[in-house]
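Try each task before reading its solution.

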Amino acid sequence: MDDDFMLSAWRKPPADFARQVRDRLHRLDSEAASVHGFKPISRLAASLAALVLVLGAFTFPQVQAGARAFLDLFRIVNFAPVLVQSERFSALMERQDLDLPRMLGEQVEVLKAPRAPQTVADAAAAGIAAGIQVRIPTWRPVGLEPQLIEVSADQTLRFTASTAKLKRVLDAFGIDDLSLPDGIDGQSATVHVPAIVRINYRSQDHDVMLLQARQPQVSFPAGIDLASLAEIGLRVLGMKPGEAHRFAQNVDWRTTLIVPVPADVSMFRQVDVQGNPGLLIQTVRRSSRGVLPKESRVLWSSGDSVFALVGNVWPTELFEMAQSVR
Amino acid sequence: MTSDVHETSGSVWGAAATEPDWEAVFSEQLPRVYNFLRYRSGNETLAEDLTSRTFEKAWRDRHRYRRDLAKFSTWLLRIASNVAVDHRRTAHEHAPLEAAAEAPAEGTPEDEAVIRSNFARLSALIAKLPDRDRELLALKYGAGATNRAIAEVTGLSESNVGTILHRAVQTLRAEW
């Protein structure tokens with residue numbers, strides 16, 4: 001026995017197998033191309049819970065004069081990403097003279113506080129606890145297995161407008177070409193955040209989280225000019241004046257959730273998830289080797305439910321999972 | 001097949017590329033990775049599965065590859081080695097190795113059958129060796145790696161690699 005004999009068992013990979021691997025790599029390659037083709041934008045809040053906070057931030061400038069509030073006026077159908085400069089907010093939050101966290105905190109009242117998340121045995125139990133029919137992905141990347149199912153209790157928050165404080169915020173951002181609507185002072189918007197089901201999936205290298213809940217219920221005064229208020233919100237988020245005006249006028253604010261995302265770290269594209277508009281976002285990190293993928297997120301709504309998938313798998317895999325949720 | 005992994009690995013990189021030419025990687029490295037895992041596992045079907053996993057993992061983790069630390073082929077073989085280790089940790093010992101131990105030493109006249117027969121018998125003998133020896137034999141004869149490249153993959157010294165391989169082949173020769 002010598003080297004030649006040891007090598008005599010060597011053989012070329014079967015052609016069919018080689019073709020399968022090549023096809024798979026090409027598919028991954030095209031997936032990467034689509035990722036790199038994303039428009040540069042933002043990082044989104046981390047979960048559906050964060051999504052609810054975004055909703056809160058969004059609804060805050062909607063508070064308007066008027067007496068009668070009604071439920072379910074706002075319904076998430078579309079997701080509209082808006083680029084924000086994270087350093088702009090960081091600097092603002094750190095300004096001692098403004099004390100924005102305290103100022104905003106004073107305008108938020110917790111009507112129903114959330115309890116600690118409850119761990120349940122399976123999706124059926126989660127559905128009973130949350131009062132929804134829990135859906136799960138019928139396709140997962142190889143190795144990704146369910147690890148934990150939790151249900152967080154519902155909560156209700158009320159936002160009350162203060163023109164004086166809003167004016168201070170506008171001044172802090174240097175926005176002097178817009179004025180606050182008359183009669184807004186002291187008016188309230190209420191946000192009811194339903195119970196949220198969180199299913200964690202894990203493999204050796206990957207973690208994915210599926211969050212689902214009923215549509216949040218938002219009540220706010222009737223007869224308000226949502227577009228004008230939204231324009232103020234968009235300007236606060238950093239959008240340029242002309243763009244904010246056009247955007248505000250062309251969006252249906254009763255069905256569109258603004259998703260503020262830092263412009264410097266992420267990429268996104270709008271997608272169709274089972275026939276519903278959704279948003280696919282990839283967060284990235286910057287290194288000496290350039291911009292590298294970090295985490296992907298898919299947001300979508302279906303009927304009376306809102307979904308978010310968050311994980312460190314490839315965006316196309318996460319999207320495929322989203323498409324398989326039944 | 002027997003060309004030096006260490007020396008040829010640079011050809012998968014374009015002139016000013018920041019990523020490897022995957023077509024070149026595929027053509028050049030697939031046979032090596034496949035045979036490394038074939039020699040390593042003694043099972044052709046399993047070798048195909050582990051090879052697929054290796055290439056997918058390499059593609060997904062390509063941003064972690066640092067050209068200044070290792071040749072691409074060395075990096076790829078490390079991934080293949082880890083994939084094989086992970087598989088052994090999670091899978092039961094597969095039957096084909098035991099079955100192969102009873103394979104006839106003489107095969108049919110057809111080349112393919114001879115190769116299969118030799119491989120089956122060789123796999124059965126290799127399976128009896130210590131895990132480290134099996135790893136080195138697979139790198140040497142499956143991946144076609146030089147002792148220097150094997151040293152880089154395994155962390156052993158080049159001379160140690162040579163010694164272990166020599167003894168392992170002697171053992172196989174005695175058993176053949």
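A residue counts as buried when its relative accessible area is under 20%. Keep in mind that this is a predicted model.

**Exercise 1. Describe the make-up of chain B and how much of chain B is buried.**

Solution. Start with the secondary structure: chain B has nine helices and zero strands. Next, apply the cut-off above: 51% of the 176 residues of chain B are buried.

**Exercise 2. Decide whether B:Arg40 is buried or exposed, and find its surroundings.**

Solution. First locate B:Arg40 in helix α2 of chain B, which covers residues 22-41. Its relative accessible area is 5%, under the 20% cut-off, so B:Arg40 is buried. Leaving out residues up to four places away in sequence, B:Arg40 touches several residues, including B:Ala84, B:Arg88 and B:Glu135.

**Exercise 3. Classify the two aromatic pairs of the structure.**

Solution. Begin with A:Phe17 and B:Tyr34: their ring centres are 5.7 Å apart and their planes lie at 40°, so this pair is tilted. A:Phe17 sits in helix α2 of chain A and B:Tyr34 in helix α2 of chain B, so the pair joins two chains. Both A:Phe17 and B:Tyr34 are buried. Now take A:Trp300 and A:Phe307, a stacked pair with 5.0 Å between centres and 10° between planes. Both A:Trp300 and A:Phe307 are buried too.

Methods:
Residues numbered from 1 in each chain as written. Chains lettered and ligands numbered in written order. Predicted model: local features only at pLDDT ≥ 70, side-chain atom pairs only at ≥ 80, totals over all residues. Heavy atoms only, no water. Helix = DSSP H or I, 4+ residues; strand = E, 2+ residues; numbered from the N terminus. Buried < 20%, exposed > 50% of the residue type's maximum accessible area, 1.4 Å probe, protein only. Contact = heavy atoms within 4.5 Å. Phe/Tyr/Trp six-rings, centres within 6.5 Å; stacked < 30°, edge-to-face > 60°.
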